[in-house]
Amino acid sequence: MCTPDGIKPALTAAVVSQHELVGTGLWRMALSVPTWSGKEPEPGQFIMLRVSEGFEPLLARPFGVAGFERNGESAVIEIIYRVVGRGTGLMARWVPGREASFLGPLGRGFTLPPEGSRTILVAGGVGLPPLLAMARRLSALGRAREVTLLYGESSRDRLLHLELRTFPGVGTFTCTEDGSCGTAGLVTDLLAPRLDEKGTHLFVCGPSPMIKAVRGMVAGRGLAAQYSLEARMACGFGVCSGCAVMIAGRGYVRVCREGPVFDGDELTEESFGDI
Ligand SMILES: Cc1cc2nc3c(=O)[nH]c(=O)nc-3n(C[C@H](O)[C@H](O)[C@H](O)COP(=O)(O)OP(=O)(O)OC[C@H]3O[C@@H](n4cnc5c(N)ncnc54)[C@H](O)[C@@H]3O)c2cc1C
Ligand code: FES
């Protein structure tokens, strides 16, 4: 099957090489790909992982690429996911050695900020993985000291601690809604006092209400912001239109193809539906 713009999505064969519990209901999975023919995924891109060999569930599930390492012909893709329903429930039972397959990397990722700019990564819950990829990319470019990572969850047990220690130089601040770890409150509370500096670039990923709130805080300040949107995805590569959202001046566009990352000025109130 081809997409309307002629791209043929092909499944990539992989093997689960690591699978560990990294928080309550939170898993990290490394997928080894024996033959990697594509480019390195951009931070913000995602894969559509087949969660069943059969028809139940039929549809693959989208996960942001949290990490990527290439070793000659082969590569390892890392995802971090929370168990929320049938598909992720099945994935949680996978053991190393299991064969897997996915489409991707897919979608439009984040555009890197100009060198020397102040970069704030704002992550809510499992919005964290693509921002870890961003922190990793900027660290690899020797730009860790430009980066501040703000990470919010509802409580301590749901936080992913492990990864946050691996980016020396990145200023990391955590909050929980119940105050059980880090600052008590929402990630927007961590962000509010940091919005004054001109030339700040924001990268935001998390639940839609959080994205909407951050967009409201940033409005009128002249700060550059890129947002990774959530949508239920069926195909993940542009043919079903199931993931369409309203974008300023363009009408409905597909989150899986034209996104999931959008610039702040592309979003309107209507981009968030009824929330
Ligand atoms: C571009 C993109 C990247 C994503 N990256 C990650 C990631 O890195 N880690 C991660 O844990 N999750 C990520 N998600 C969400 C993840 O795809 C869903 O949690 C997963 O598909 C749920 O599958 P399920 O079969 O377990 O749940 P289902 O049985 O299909 O649904 C269970 C519950 O999860 C909610 N849900 C399902 N899909 C989504 C979705 N796309 N957005 C919001 N809520 C959803 C449903 O509304 C329902 O309440 C991403 C989603 C998108 C669109
Ligand atoms: S999920 Fe099918 S077009 Fe986006």
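Author: Let's start with a term: a nonpolar core is a set of buried Ala, Val, Leu, Ile, Met, Phe, Trp, Tyr and Cys residues joined through side-chain atoms within 4.5 Å. "Buried" means under 20% relative accessible area, with exposed over 50% and partly exposed in between (1.4 Å probe, protein chains only). This is a predicted model, where local features need pLDDT of at least 70 and side-chain atom pairs count only at pLDDT 80 or more. Residues are numbered from 1 along each chain as its sequence is written, and side-chain values use heavy atoms.

Reader: Okay, which residues have the most contacts inside the largest nonpolar core?

Author: Val122, Leu202, Tyr227 and Leu229, in a core of 35 residues. Helices (H or I, at least four residues) and strands (E, at least two) are DSSP runs, numbered from the N terminus. Helix 4 gives the most here, four residues.

Reader: What is tyrosine 227 in contact with?

Author: Contact means heavy atoms within 4.5 Å. Leaving aside neighbours within four places in sequence, tyrosine 227 touches, among others, Val204, Ile211, Pro260 and Phe262.

Reader: And why is strand 2 called largely enclosed?

Author: Seven of its eight residues (26-33) are buried, so the rest of the structure largely encloses strand 2.

Reader: How many bridges join strand 2 to strand 6?

Author: Two strands pair if DSSP finds at least two bridges between them. Strand 2 and strand 6 (residues 74-82) run antiparallel with eight bridges; for example, alanine 30 has glutamate 78 as its bridge partner. Strand 1 (residues 12-23) is also antiparallel to strand 2, joined by seven bridges, and there valine 15 partners serine 32.

Key
Chains are lettered from A and ligands numbered from 1 in the order in which they are written.
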